[in-house]
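Have the viewer open and follow along.

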Amino acid sequence: MDHSVIVQSENDFMRARNKALFNELQHFLNPEESKLLSFSEIKDLLKPQGEVYKGMQVVPVSLIAGSEGRYHDFDSHFFPRNMHLKRRWESIDRAHLTDVILPPIVLYEIGGIYFVRDGNHRVSVAKAQGVENIDAEVISLKSEVKLKAGWSEKRILKQVIQYEKRVFYSETSFGDITDCWNIDFSTAGQYDVLYQHILIHKYYINQDKTEEISMEEAILSWYKNLYLPIITAIKKGKILRRFKGRTAADLYVWIIKYWDDLKKKFGDKVTIDDAAAEFSEKFGISLIKRIIVCFRNILKR
C-alpha cells in the first residue's frame with residue numbers, strides 16, 4: 001500500500017482522537033454531554049412495541065447517534081476515545097481513502113435516530129471524513145416518542161417524561177378535574193404509578209359504597225385526600241431542599257411508599273408528617289453534605 005495513505009490514515013486517527021479529547025474537555029462539568037448514547041439504555045426508556053426489518057437503506061450519517069455495544073469507545077460525535085481503536089480505525093480509513101467498498105453497516109432505528117449494531121468504526125471514519133450518507137441494513141423499533149440527533153440521554157429522558165405526562169393528562173382529564181397541571185417527575189414511568197394509586201384509592205372507596213363511584217370522583221378524592229396532604233407535608237418540612245434535581249411529585253411517590261412501610265411496622269399511628277420527616281432525614285442530603293460530595297467528585301476526575 002502507498003506509504004502516503006498509511007501516513008494519512010495515522011494523521012486522520014490522531015485528528016479524530018484529539019477532537020474526542022477536546023469534546024471531553026469542553027464538557028468537563030457535564031460529562032454526559034460528550035458521551036455516545038447507549039442503545040439498551042434508550043430502548044429501556046422508550047419501551048418500543050415490536051421491531052420491523054426495513055432492509056437496505058441509505059441513512060444520513062448525521063442521524064446515527066449511538067451504539068449497541070461500543071458506546072464507551074466513541075464520543076457523542078463518534079470520534080474515537082481510546083487508543084486501542086487505532087489499528088481497526090486506520091484500516092477502515094485506508095479503505096475509505098483508496099475507494100475500497102466495505103459491507104453495509106447494521107443499524108437500529110428508534111424514534112427517528114439510529115444506533116449501530118455492527119460497523120462502529122465505519123461510522124466513526126465516515127463522520128471524521130464528512131461523509132453525508134451511508135448504506136445500512138436497518139431494523140426499526142416502534143416508538144411514539146420522537147428524538148433528535150445530538151440529544152443527550154438527559155434530554156431524551158425529559159422528552160419521554162413530557163410524552164408520558166401528555167398521555168396521563170389526556171387519558172384521565174386530570175387537569176380539568178383537579179385544575180392542577182404541574183405534576184412533574186424527574187424519572188420516567190411515574191405517571192403509571194400515579195394512575196395505579198388512583199385505581200387503588202377508587203377500589204377502597206368502593207368497598208363502602210353500594211354504587212361504584214366514577215373515575216372522575218376517584219381522581220378528585222385521591223388528589224384532595226392523599227396527594228395534596230403529602231405535598232403539603234413536603235412543603236411544610238422544606239424537604240425538597242434535601243433532594244436536588246427532584247420534584248414534589250417524585251417525593252410524593254417515595255414518601256407514600258415509605259409511609260406505607262412504616263404503618264406496616266408501627267401501625268396507623270404513624271402520621272404523614274412523621275413519615276415525611278423521617279424519610280427526609282434518612283435519605284436527604286444537606287447543603288453541607290452536597291458540597292462535600294461535589295468536591296469529592298471533582299477530585300476524582
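## Charges over rings

Which residue lies over the face of Trp-151? Arg-155 does, at 4.2 Å from the ring centre.

## Ground rules

This is a predicted model, with local features needing pLDDT of at least 70 and side-chain atom pairs pLDDT 80 or more, while totals for chains, interfaces and linings use all residues. Numbering runs from 1 along each chain as its sequence is written, and side-chain values use heavy atoms, without hydrogens or water.

## Stacked rings

There are 23 aromatic pairs here, that is, Phe, Tyr or Trp rings (six-membered ring for Trp) with centres within 6.5 Å; planes under 30 degrees apart are stacked, over 60 edge-to-face, the rest tilted. Phe-39 and Tyr-108 are stacked, 4.3 Å centre to centre with 5° between the planes. Both are buried (under 20% relative accessible area; exposed is over 50%, partly exposed in between; 1.4 Å probe, protein chains only).

Tyr-169 and Trp-181 stack too, at 5.6 Å and 20°. Tyr-169 is buried at 9% relative accessible area, whereas Trp-181 is partly exposed at 49%.

## The core

The largest nonpolar core has 38 residues, and Tyr-227 and Tyr-252 are among those touching the most other members. A core here means buried Ala, Val, Leu, Ile, Met, Phe, Trp, Tyr and Cys joined through side-chain atoms within 4.5 Å.

Conventions
A charge sits over a ring if NZ of Lys or CZ of Arg is within 6 Å of the ring centre and within 35 degrees of the ring normal.
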